[in-house]
Amino acid sequence: MGEMIRKKWKCKVCEEEIVSYSNTRHQMDVCMCGASAVDLEEHYLRTMGRVEFICTEKLNENNKWEDLTIKTENDEKPKRDSIWRRFKSYITR
Ligand SMILES: [Zn+2]
């Protein structure tokens, strides 16, 4: 067996939150209003309707769910930039 992945997603129409698992073959997870669906397999992902992904997790060797979601923290990059700017102004002084 390969990696076990699960994805949490939400239907943007009815706002139901659903977890899809990669070990289910040819199974569509459909939300309660029927507008959105996700078919997740190990190397395959199909979405229908208005799906919003919340997070992706992987089952690691310790049988724990590990968050794979790449967090794009808005305040991280500007902070680094301002440190670099400060550093640059320091060395050019
Ligand atoms: Zn729905």
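Me: In the hairpin of strand 1 and strand 2, which residue takes a positive phi, and how many residues are between the strands?

Reply: This is a predicted model, so read the angle as a computed value. Five residues separate strand 1 from strand 2 in that hairpin, and Glu 15 is the one with a positive phi, near 65°. The residue is not a glycine, and its place is in the loop between the two strands.

Me: Where does Asn 63 lie, and what is its phi?

Reply: Asn 63 belongs to the loop between strand 6 (51-59) and strand 7. Its phi is positive, about 60°, although the residue is not a glycine. Asn 63 counts as exposed because it has 7 C-beta neighbours inside 10 Å.

Me: How do I read the strand order of the open sheet of four strands?

Reply: Begin with the general idea. Strands of a sheet pair through backbone hydrogen bonds, in either a parallel or an antiparallel sense. In this structure, the order in the sheet of four strands is 2-1-6-7, and the pairing is antiparallel. Strand 2 (17-21) and strand 7 (65-67) are the edges; each has a single partner strand, so one side of each lacks a neighbour in the sheet. On average, neighbouring strands of this sheet are turned by 30° against each other, direction ignored.

Me: How many bridges join strand 1 to strand 2, and which residue is the bridge partner of Lys 8?

Reply: Strand 1 covers residues 5-11 and is joined to strand 2 by five bridges, the two running antiparallel. Lys 8 has Val 19 of strand 2 as its bridge partner. Lys 7 is paired with Ser 20, also in strand 2.

Me: What is the order of the open sheet formed by three strands?

Reply: That order is 3-4-5, with antiparallel pairing. Here the edges are strand 3 (29-30) and strand 5 (44-48); each has a single partner strand, so one side of each is left without a neighbour in the sheet.

Me: How many residues lie between strand 4 and strand 5 in their hairpin?

Reply: Two residues lie between them. The two strands pair in the antiparallel sense over five bridges. Asp 39 is opposite Arg 46 of strand 5, and Glu 41 is opposite Tyr 44.

Me: Is Tyr 44 buried or exposed?

Reply: Tyr 44, a residue of strand 5, has 10 other C-beta atoms within 10 Å and is therefore exposed.

Me: Which residues make up the largest nonpolar core?

Reply: The largest nonpolar core has seven residues: Ile 5, Trp 9, Cys 11, Cys 31, Val 38, Leu 40 and Val 51. Strand 1 and strand 4 (37-41) are the elements that give two or more residues to this core. Strand 1 gives the most, with three residues.

Me: With which residues is Ile 5 in contact, leaving aside neighbours within four places in sequence?

Reply: Ile 5 is in contact with Ser 22, Leu 40, Thr 56 and Lys 58. Leu 40 is also listed in the core.

Me: What share of the chain is buried, and what share of its contacts is between residues 24 or more positions apart?

Reply: Of the 93 residues, 12% are buried. Among contacts with a separation of 6 or more, 33% are between residues 24 or more positions apart.

Me: Where is Thr 69, and which residues does it touch?

Reply: Thr 69 lies in the loop between strand 7 and helix 1. Not counting residues up to four places away in sequence, Thr 69 touches Cys 55 and Thr 56. Its C-alpha atom is 9.7 Å from that of Lys 58, eleven residues away along the chain. Thr 69 is exposed because 12 other C-beta atoms lie within 10 Å.

Key: Residues are numbered from 1 along each chain as its sequence is written. This is a predicted model: local features need pLDDT of at least 70, side-chain atom pairs count only at pLDDT 80 or more; totals for chains, interfaces and linings use all residues. Two strands pair if DSSP finds at least two bridges between them. Axes are lines fitted to C-alpha atoms, for helices over the stretch in contact, and angles run from 0 to 180 degrees between N-to-C directions. A nonpolar core is a set of buried Ala, Val, Leu, Ile, Met, Phe, Trp, Tyr and Cys residues joined through C-beta atoms within 7 Å. A residue is buried if 20 or more other C-beta atoms lie within 10 Å of its own, exposed if 12 or fewer, and partly exposed in between; C-beta atoms are placed from the backbone. Two residues are in contact if their C-beta atoms, placed from the backbone, lie within 7 Å.
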